[in-house]
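Reader: I want to learn how such features are read, one at a time. Please give the general idea before the case.

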Amino acid sequence: MTPSFAFSPSLRAARPAPLLRSLALALCCAGLLSACSVAPVYQVPTTPAPASFKEAGALWQSAQPNDAVDRGDWWTLFADEQLNQLAAQVQVDNQNIAAAAAAVQQAQAALRVEQAGLLPSVNGTLGQTRQGGGQSNGNGSASLGISAAWDADLWGRLRESVSAAQSSAQASEADLAAARLSAVGSLVQNYFRLREADAEMQILQQSIEGYQRSLRIAQNRYDVGVEARTAVLQAQTTLTNTQASVESLRQSRQTYEHAIAVLTGQAPAQFDLPPAAWNVTVPEIPGVVPSTLLERRPDIAAAERAVAAANAQIGVAQAAYYPSLSLSGSLNRSGSNLGNLFSASGLLWSLGASLSQSIFNAGATTAQVDSARAAHAARTATYRQSVLAAFQAVEDVLSNVAALNAQKPLLQQSLDSAEKVEQQMLNRYQQGQVPYTDVVTAQATALSARRSLIQLQLNQQLAAAQLIQELGGGWHADWMKPGA
């Protein structure tokens, strides 16, 4: 049951001044009452924020970002102009980013809808009717009216709905930033893998040229009877295996090229990225304390805004415990036709107020409040889990970066030794001092060392790019801060 009362006076030919004075008084009273709010005071959920990263070690030193890296276009740190051009195209033509941008517009429109509920609604009507029959010439009437209605926000229900919509809009903006970060991150990953494939195919092609020379040497030695047929077969096997590796790399390169095409909003058949030199640049990342992740990562920002929206929904649900007040008013004129409508003496006005309160709804309001509180608890847990996952991701990448840095000088030393052994074995074979199997072994070892080093260089670039992404992509975080 919902009790209500309404006051709707109606006078003919009365002046509208009493209506205006009554409306003004009612609006002032409702405005004073609407200062109340039953929503819990919002606080950002506490999260564990260690003073430093465990895996940073000597890798990072606490420092302020310098001018070289204090930018939003984080991919420019890799100093590759082709990559910069592709990244710019991704931000314009990537369809996931376009979808996220449309979601932001939708959320902003929803916010405007909620904000409109704070203001009165005004409607106007204008009409004319004419009727008759038989020998009657007919008669008619005309009417002109204006009406207004307003729900007084006594307990903050409407304002909390606006707050929830505003937080949701901010979360959508963070989702858009996350979509940009993900799309450009995928581009960087595929681009570096493609360039590494180009470099590795070039190394393999150089090895193929050397293996072809070795095959000719083995064939010549076999032809003059100083070498067994086995040496020729082994040389052919080494050559064809390496040629097969080139074809495998070419197929992988095509896959990376197709992925880049889609990321830039193009069909793979319409996109071509010719081979080019690989710029093996690994940028230096300044030291960052873990708490900055709470400001930089868009996924964490979105999760925090979802908590704020859920907190506001608690206020919306709790407002149902209290009565709601609605005010309405109307002003109407009538006449026999539109021509004499304004000259008519008839004037009708009305003013109404309605106060309603739920008396019994079988616990539905309590259930809605409990549901809102549970949703808030779930959002809080999701936010905290997002923070923990972010810390884990950064620790994992830091550990990977440290391991790669430690491996690089070792792999370089291994390559230098393998290339020396390869050349020595080839020279000794030509002098008849060692069998060709020793040459094959040395060549395989040297090629493996070359490929291992170039793959490590790729992994260093990928790790640097991933670390920048895990830190939120660049160093500007003003857009994520509440109230910015």
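Reader: Which residue stands opposite S326 in β4?

Author: Strands (E, at least two residues) and helices (H or I, at least four residues) are DSSP runs, numbered from the N terminus. Two strands pair if DSSP finds at least two bridges between them. Here D151 is the residue opposite S326 in β4, and W150 has L327 in β4 as its bridge partner. Before going on: this is a predicted model, in which local features need pLDDT of at least 70 and side-chain atom pairs count only at pLDDT 80 or more, while totals for chains, interfaces and linings use all residues. Residues are numbered from 1 along each chain as its sequence is written, and side-chain values use heavy atoms, with hydrogens and water left out.

Reader: How many bridges pair β3 with β4, and in what sense?

Author: Eleven bridges pair β3 with β4 (residues 324–335), in the antiparallel sense. On the β2 side, strand β2 (residues 121–131) is joined to β3 (residues 139–152) by eleven bridges, again antiparallel. In that pairing G124 faces I146 of β3. On the β5 side, β4 and β5 run antiparallel and share ten bridges, with S328 partnered by G352 in β5. As for side chains, in a regular strand they alternate between the two faces of the sheet.

Reader: What pattern does the chain follow along the sequence?

Author: The chain has nine helices and five strands. Their order is β-α-α-α-β-β-α-α-α-α-β-β-α-α. A contact means heavy atoms within 4.5 Å. Of the contacts with a separation of 6 or more, 84% are between residues 24 or more positions apart.

Reader: Of the 484 residues, what share counts as buried?

Author: Buried means under 20% relative accessible area, exposed means over 50%, and partly exposed lies in between (1.4 Å probe, protein chains only). By that rule 40% of the 484 residues are buried. The chain exposes about 25,500 Å², of which carbon and sulfur atoms supply 53%.

Reader: Which residues touch the most other members of the largest nonpolar core?

Author: A nonpolar core is a set of buried Ala, Val, Leu, Ile, Met, Phe, Trp, Tyr and Cys residues joined through side-chain atoms within 4.5 Å. The largest has 56 residues, and W74, F78, L83, L187, V188, F192 and I260 touch the most other members. At least two residues of this core come from each of α2 (81–93), α3 (95–116), α4 (157–223), α5 (229–263), α8 (364–430) and α9 (436–470). The most come from α4, which gives 18. Apart from this core lies another, of 17 residues, including F53, V401, L456 and L471.

Reader: Leaving aside neighbours within four places in sequence, what is L187 in contact with?

Author: With that exclusion, L187 is in contact with L83, L86, A87, V90, I260 and L263.

Reader: At what angle do the axes of α2 and α4 cross?

Author: Two packed helices are described by the angle between their axes and the distance between the axes. Axes are lines fitted to C-alpha atoms, for helices over the stretch in contact, with angles from 0 to 180 degrees between N-to-C directions. The axes of α2 and α4 cross at roughly 145° and come within 10 Å. The crossing is right-handed. At this meeting, Q82, L83, L86, A87, V90 and Q91 are on the α2 side, and R180, A183, V184, L187, V188, Y191, F192 and R195 are on the α4 side.

Reader: Where does A79 lie?

Author: A79 lies in the loop between α1 (17–33) and α2. Its phi is near 55°, positive although the residue is not glycine. A79 is partly exposed, at 48% relative accessible area. A362, in the loop between β5 (347–356) and α8, also has a positive phi without being glycine, near 60°. A362 is exposed, at 63%.

Terms used
Areas by Shrake-Rupley, 256 points an atom, 1.4 Å probe, with all protein chains shown as cover. Left-handed = near helix turned anticlockwise from the far one by under 90°.
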